[in-house]
Amino acid sequence: MSGISGVRTWVAERPPAAGAAVMATAVVSIGLRLAGVEVVSRIFLALACLAWLTLAVTFALRLAGQRGRWTEEARDPAALTAVAATAVLGTRISLLGVQPLAEALLALSALLWPVLLFAVLRHWGQRMPGTVFMCCVATQAVAVLAATLAGAEATAWLARTALVLFWLGLLLYALAMPRFDTRQVIEGPGDHWIAGGALSVSALAGARLISADSARLYLWNKDDSEVLHQVTAILLVLDLACYAVLLLAELARPRPRYGLLRWATVFSMGMTAAATLAVAAALDVAWLSGPGKVLVWVAVAVWLAAAVGAVLAARGGNSAPQEAGAPGVTSTARR
């Protein structure tokens with residue numbers, strides 16, 4: 001009985017934002033894969049798979065045994081980390097060549113995406129933390145996986161579906177921006193980096209869509225291709241600018257204390273690295289590969305720092321997901 005009680009306690013302590021750790025680990029694996037560091041990439045992939053299984057068990061147990069709490073937490077934008085984590089992991093598995101498993105993860109993320117997105121959008125408020133951009137991140141993560149699979153399997157309808165999700169993700173970003181509390185850039189506990197992470201995953205989606213096209217598919221005509229190229233390039237420029245601003249804000253006001261929301265920082269930094277390398281390949285901009293590889297190792301270093309912080313917090317019995325005074329991970333808005 002004590003074992004069952006321990007499992008229940010552990011499940012009860014997992015906040016919706018826990019999926020950010022899976023997102024961060026999986027995207028670092030993708031970045032390492034694109035940088036050509038396959039062995040280390042597979043180590044991160046294994047860690048991401050273990051973390052995802054933990055997330056899935058927690059999600060299922062809460063849905064089955066705590067339906068009221070599940071419904072309440074589904075309103076939190078952080079709940080969309082479950083969708084993004086599943087899709088990002090699926091993308092890495094697709095790059096590994098295991099397409100049936102990647103397809104299963106696409107189906108799961110596509111099933112969860114409208115349910116959680118609808119619940120979140122219904123409860124949007126004003127002056128929200130960085131998790132408000134998870135609506136864009138989750139949508140674009142599904143687009144990335146769909147485009148990756150479309151390219152791997154020469155499936156035109158999947159690529160066109162990914163294109164629709166790509167434009168929808170950009171619309172959701174535009175709708176989220178006015179609701180973002182910009183003071184979080186200086187005060188945020190880590191999730192404010194999602195403002196940049198949403199741009200980077202959008203750039204990655206554009207790059208995967210461009211790369212998915214081939215003589216077998218002929219997905220985009222010349223006009224569509226040029227627009228996609230231009231928008232993808234603009235998104236990467238905006239992402240790198242946002243990365244610089246957020247990094248300068250961290251240096252101006254250091255926030256070294258570990259919190260669960262720091263995994264959102266790792267995800268965003270890792271996604272910028274992956275997007276830079278993917279755009280370099282898709283647009284044939286060779287000089288971007290060097291900075292992209294540097295950003296990958298920066299993301300690895302930040303991941304290690306977050307992992308050490310998580311271990312120390314666990315050993316110290318501090319399971320709090322945030323820093324003192326930071327926005328709650330289950331708070332959908334500041335009203």
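1. In this predicted model, H8 and H10 pack through a defined set of residues: Ala159, Ala162, Leu163, Phe166, Leu170 and Tyr173 of H8 meet Ala195, Ala198, Leu199, Ser202, Ala205, Gly206 and Leu209 of H10. By class, the contact residues are 11 nonpolar and 2 polar, with no charged residue.

2. As to geometry, H8 spans residues 156–176 and H10 residues 194–212; their axes come within 10 Å and cross at roughly 155 degrees. The pair is therefore roughly antiparallel, since the cut-off for that class is an angle over 145 degrees. The crossing of H8 with H10 is left-handed.

3. Thr232 belongs to helix H11, residues 222–252. Its relative accessibility is 0%, so Thr232 counts as buried. Leaving aside residues up to four places away in sequence, Thr232 touches Ala203, Gly206, Ala207, Ile210 and Val279.

4. Two non-glycine residues with positive phi deserve a look. Arg127 has phi near 50 degrees and sits in the loop between helix H6 (99–122) and helix H7 (134–153). With a relative accessible area of 44%, Arg127 is partly exposed. Asp284 has phi of about 55 degrees and is found in the loop between helix H12 (262–282) and helix H13 (289–315). Asp284 counts as exposed, at 67% relative accessibility.

5. The salt bridge count comes to 6. Among them is the pair Arg262 and Glu250, whose closest N and O atoms are 2.9 Å apart. Because Arg262 lies in helix H12 and Glu250 in helix H11, this bridge ties together parts 12 residues apart in sequence. Both partners are buried: Arg262 at 12% relative accessibility and Glu250 at 13%.

6. One of the links is between the side chains of Arg33 and Glu38, at 3.4 Å from N to O. Arg33 is partly exposed at 29% relative accessibility, and Glu38 is partly exposed at 25%.

7. Asp181 and Arg183 form a further side-chain salt bridge, with an N to O distance of 3.1 Å. Here Asp181 is buried, with a relative accessible area of 5%, whereas Arg183 is partly exposed at 39%.

How values were computed. Residues are numbered from 1 along each chain as its sequence is written. This is a predicted model: local features need pLDDT of at least 70, side-chain atom pairs count only at pLDDT 80 or more; totals for chains, interfaces and linings use all residues. Side-chain values use heavy atoms; hydrogens and water are left out. Helices (H or I, at least four residues) and strands (E, at least two) are DSSP runs, numbered from the N terminus. Buried means under 20% relative accessible area, exposed over 50%, partly exposed in between (1.4 Å probe, protein chains only). Contact means heavy atoms within 4.5 Å. Axes are lines fitted to C-alpha atoms, for helices over the stretch in contact, and angles run from 0 to 180 degrees between N-to-C directions. Angles under 35 degrees count as roughly parallel, over 145 as roughly antiparallel, 65 to 115 as roughly perpendicular and the rest as oblique. A crossing is left-handed if the near helix is turned anticlockwise from the far one by less than a right angle, and right-handed if clockwise. Ala, Val, Leu, Ile, Met, Phe, Trp, Tyr, Cys and Pro count as nonpolar, Asp, Glu, Lys and Arg as charged, and the others, Gly among them, as polar. A salt bridge is a side-chain nitrogen of Lys or Arg within 4 Å of a carboxyl oxygen of Asp or Glu.
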